[in-house]
Amino acid sequence: MYEGLFLIDNTHASMEWDNVVKHIHDILQKNGAEILKTEKWGEKKLAYKIKGHKRGTYLLIHFNAKSGAITAIKRDFQLSDYIIRSLIVKDDKIEEVSQIGVIEPIPGRNTGVTPEIKDAELLEKTDMAINVTGEV
């Protein structure tokens, strides 16, 4: 399972959004990917210019694909006129959580509890102690 985040040219996104999404889906399907979820994140001002663009529209897509197809998919996205930048990452966490459901803590473990260390214990465990005057 993979997650693709796409920064799309704002002029294309505002005028022909459906064509842009179809273009991205076509690239994925051409390379054997199965699209699971598509989510528009909206238009944002960029922190700095990317390929001359000050604004862009983000699109998030979750998809399944063979690991060998990812190189071809990335190359096709780099050649696209619609896409300013793309990021594809392997997404094992979402698949595990969706299969398991709610993750429960392991019995016998106190998660989130920090053990108390008394000052005397800390001094015993250190090799050197600094006295109040700062001498070692």
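Of the 136 residues in the protein chain, 30% are buried. The model is predicted, and buried here means that a residue has under 20% relative accessible area. The chain exposes about 10200 Å², and 52% of that area comes from carbon and sulfur atoms.

The secondary structure consists of five helices and four strands. Along the sequence these elements follow the order β-α-α-β-β-α-β-α-α.

Which residues of helix 2 are buried? They are Trp17, Val20, Val21, Ile24, His25, Ile27 and Leu28. Seen down the axis of helix 2, the buried residues fall within an arc of 155 degrees, so they line one face of the helix. An α-helix has 3.6 residues a turn, so residues three or four places apart point the same way. The exposed residues Asp18 and Lys30 sit on the face of helix 2 turned away from its buried side.

What do the buried residues of helix 2 pack against? Their partners include strand 1 (2-9), strand 2 (34-50), strand 3 (53-64) and strand 4 (83-90). The buried residues also pack against helix 1 (10-15) and helix 3 (70-79).

After helix 2 comes Gly32, which has a positive phi, near 85 degrees.

Methods:
Residues are numbered from 1 along each chain as its sequence is written. This is a predicted model: local features need pLDDT of at least 70, side-chain atom pairs count only at pLDDT 80 or more; totals for chains, interfaces and linings use all residues. Side-chain values use heavy atoms; hydrogens and water are left out. Helices (H or I, at least four residues) and strands (E, at least two) are DSSP runs, numbered from the N terminus. Buried means under 20% relative accessible area, exposed over 50%, partly exposed in between (1.4 Å probe, protein chains only). Accessible areas come from the Shrake-Rupley method with a 1.4 Å probe; for residues, only the protein chains shown count as cover. The arc is that of the directions from the helix axis to the C-beta atoms. Contact means heavy atoms within 4.5 Å.
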